[in-house]
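This report describes a sheet, the helices on it, a pocket and a chain interface. Please look at the sequence and structure first.

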Amino acid sequence: MGLFSFFKTEKKKDTASLAKERLQILIAHEHSDKNKKSPDYLPKLQEEILEVIRKYVHVDEKDVNVNVEKGDDFDVLELNITLPDEEK
Amino acid sequence: MSKVIVVTSGKGGVGKTTSSAAFAAGLAAKGHKTAVIDFDVGLRNLDLIMGVERRVVYDFVNVINGEATLKQALIKDKRVDNLYILPASQTRDKDALNKEGVESVINELKDDGFDYIVCDSPAGIERGAFMALYFADEAIIVTNPEVSSVRDSDRILGILQSRSKKAEEGGTIKEHLLITRYSPNRVEGGDMLSMDDIVEILSIPLIGVIPESGAVLQASNSGNPVILDTESTAGQAYSDVVDRFLGEEVALRFIEAEVEKKGFFKKLFG
């Protein structure tokens, strides 16, 4: 892109630069979504985990949180279960 | 060797048909036998933009269904030699297009010695758009300097890179970014994305920038591809696009803000 001079970009901190920022964030996000291996198993996973836990403790659906975080070289499967206070 | 070029964008109303008409007419004017196909089944408009709406007898779907021959359906342009238009069907639904049918029409055009087959895609990412891009060797992505258009272009690029025939065979479609409705004055004023911004975001090579121009509406009013209006900035910019596509090195024009120039009220669109 050396073709284009960019001395103009300096002074414009206007809606155009806002548009650019928003697009860059959005598109980066959409691309990372696409590259996720299989986020579609998450709901099922969440459901099954909930089932297992319920054998021992009663937890609510909203107390189980499953997440996949994308790292540079690896993805992290994050599992967050909030146990109720006075169970057992 | 004939080449199939899809003109696509994802978003509607950004200038796909205008660009297809101009591009195809420009290629033909340079002596290349060119066909331009309207893939917008049910909402055909290329015929109107090219001023041949009253000469449509048979259409693309008729040919696919064997109700007419390709020769019967192709409309030969009266202004430009070597230019042929294949209109879309106005009555059928989008499912009328299928891979086999589209491929057979494209192959027949190739066998008939067409150098370039320009596929004017409908908006969206559904069947018609998919069919228009599936057999493409190259793609022209028409983008307005506006957030939703840029985002949709990115989306379409993803589809080109994953679901086209070329991609399925492990190859790549050559991509060209065409920015339309560009207002250098508004870019200068900071309220329009600059071409550099768009190139940076989409990261595909730029083939041209078409300035916002009253000539585009006048051309469509009269059914003439705007590239034939050689006086207009838009016409000249399209003609540069054709030259660049054919391998010439042509500097970008009409991209600098001008002190006093028309197109001032135009800018309130959308």
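## Sheet, pocket and interface

In this predicted model, B:Thr34 is placed opposite B:Leu83 of β4(B). Strands (DSSP runs of E, at least two residues) and helices (H or I, at least four) are numbered from the N terminus. Four bridges connect β2 (residues 34-38) and β4 (residues 83-86) of chain B, and the two strands run parallel; strands pair if DSSP finds at least two bridges between them. The open sheet of chain B has eight strands in the order β3-β4-β2-β5-β1-β6-β7-β8, with mixed pairing. Because β3 (75-76) and β8 (206-211) of chain B each have a single partner strand, one side of each has no neighbour in the sheet.

Contact means heavy atoms within 4.5 Å.

| Helix | Reference strand | Angle |
|---|---|---|
| α1(B), residues 16-29 | β5(B), residues 116-120 | about 170° |
| α12(B), residues 233-245 | β8(B) | about 170° |

Chain B has 22 residues in contact with 18 residues of chain A. The two chains bury about 1,800 Å² between them, 59% of it on carbon and sulfur atoms; this is accessible area (1.4 Å probe) lost on being put together, summed over both. B:Arg151, B:Asp154 and B:Ile201 supply 27% of the area that chain B buries against chain A, more than any other three residues.

The lining of the second largest pocket takes its largest share, four residues, from α11(B). Elements that each supply at least two lining residues include α1, β7 and β8 of chain B.

Residues are numbered from 1 along each chain as its sequence is written, and chains are lettered from A and ligands numbered from 1 in the order written. Local features need pLDDT of at least 70 and side-chain atom pairs 80 or more, while totals for chains, interfaces and linings use all residues, and side-chain values use heavy atoms, without hydrogens and water.

Conventions:
Axes fitted to C-alpha atoms, helices over the stretch in contact; angles between N-to-C directions.
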